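Hi,

Here is the structure I said I would pass on. Have a look at it first, and then read my notes below.

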Amino acid sequence: MASMVLFNEVEESYIMIKPDGVGEIISRFENNGFKLKGLKLFHCPKQLAEEHYKDLSSKPFFPKLITYITLGPVVCMAWEGVGVVASAHKLIGATNPLQGEPGIIRGDLAVQTGRNAVYGSDNPENGKREIELTEWTPVQTPWLVE
Ligand code: IDP
Ligand code: MG
């Protein structure tokens, strides 16, 4: 995918701490020098979870994935930075946490594919789409405009 090789572009990635995730995940991105543009705690409705994961709707694990994502609140975040999408992928690690090396979020903080603690956008286009999907409004807007 052409967009994945543009490592010097400023991008946005939608990062989501899944219901089983922990706050430490936020500091992993912060420590890598990315900018947290927005964050909200959100109990995702089933319909929105299905829209977010629509590319996986034909997979046998899809119903379990939707159950997982809607189990409790998730932390929706918009992170900005040069090459943030590819860097986030490296920080998050393999889909199966048991394949994660120490220092990689899923390797350190999760044990099962079906409870792998965090989501990150696949490419910058999806980053934009997924941030818009959760209807995130820049926090400055209501401060600057009544
Ligand atoms: P990714 O999150 O590493 O990009 P995907 O293949 O896009 O992985 O799958 C999305 C999510 O679906 C995974 O993060 C995981 O929570 C869940 N998932 C993927 N494969 C399985 C499986 O075989 N069993 C249960 N859940 C799965
Ligand atoms: Mg994926």
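Leaving out its neighbours within four places in sequence, Leu91 is in contact with Arg28, Phe29, Asn32, Ile104 and Ile105 (contact means that the C-beta atoms, placed from the backbone, lie within 7 Å). Leu91 is found in helix α4, and Leu91 counts as buried because 21 other C-beta atoms lie within 10 Å. The rule there is 20 or more other C-beta atoms within 10 Å for buried, 12 or fewer for exposed, and partly exposed in between, again with C-beta atoms placed from the backbone.

Before you go further, please keep in mind that this is a predicted model: local features need pLDDT of at least 70, side-chain atom pairs count only at pLDDT 80 or more, and totals for chains, interfaces and linings use all residues. Residues are numbered from 1 along each chain as its sequence is written, while chains are lettered from A and ligands numbered from 1 in the order in which they are written.

Now the overall picture. The chain has 7 helices and 4 strands (DSSP runs numbered from the N terminus: H or I of at least four residues for helices, E of at least two for strands). Along the sequence they follow the pattern β-α-β-α-α-β-α-α-β-α-α. The radius of gyration is 15 Å, which agrees with the value near 15 Å for a compact globule of 146 residues; it is taken over C-alpha atoms, and the globule rule is 2.2 Å times the number of residues to the power 0.38. Buried residues make up 30% of the chain.

Next, the strands, which pair if DSSP finds at least two bridges between them. β1 (residues 10-17) pairs with β3 (residues 74-82) in the antiparallel sense over 8 bridges, and with β4 (residues 118-120), also antiparallel, over 3 bridges. Ile15 shows both pairings: it stands opposite Met77 in β3, and its bridge partner in β4 is Gly120. β2 (residues 35-42) joins β3 in the antiparallel sense over 7 bridges, with Lys40 partnered by Cys76. Why is β1 largely enclosed by the rest of the structure? Because 7 of its 8 residues are buried.

In soluble globular proteins, nonpolar side chains tend to be buried together. Here the largest nonpolar core has 26 residues, and among those with the most contacts inside it are Ile15, Trp79, Ala117 and Val118. (Such a core is a set of buried Ala, Val, Leu, Ile, Met, Phe, Trp, Tyr and Cys residues joined through C-beta atoms within 7 Å.) Ala117 sits in the loop between α5 and β4, and its phi is near 75°, a positive value in a residue other than glycine. Ala117 counts as buried, with 22 C-beta neighbours inside 10 Å.

Finally, which residues surround ligand 1? They are Leu56, Phe61, Lys64, Leu65, Thr95, Thr113, Gly114, Asn116 and Tyr119, each with its C-beta atom, placed from the backbone, within 6 Å of the ligand. This shell divides into 4 nonpolar, 4 polar and 1 charged.

Cheers

Definitions and conventions. Ala, Val, Leu, Ile, Met, Phe, Trp, Tyr, Cys and Pro count as nonpolar, Asp, Glu, Lys and Arg as charged, and the others, Gly among them, as polar. Two residues are in contact if their C-beta atoms, placed from the backbone, lie within 7 Å.
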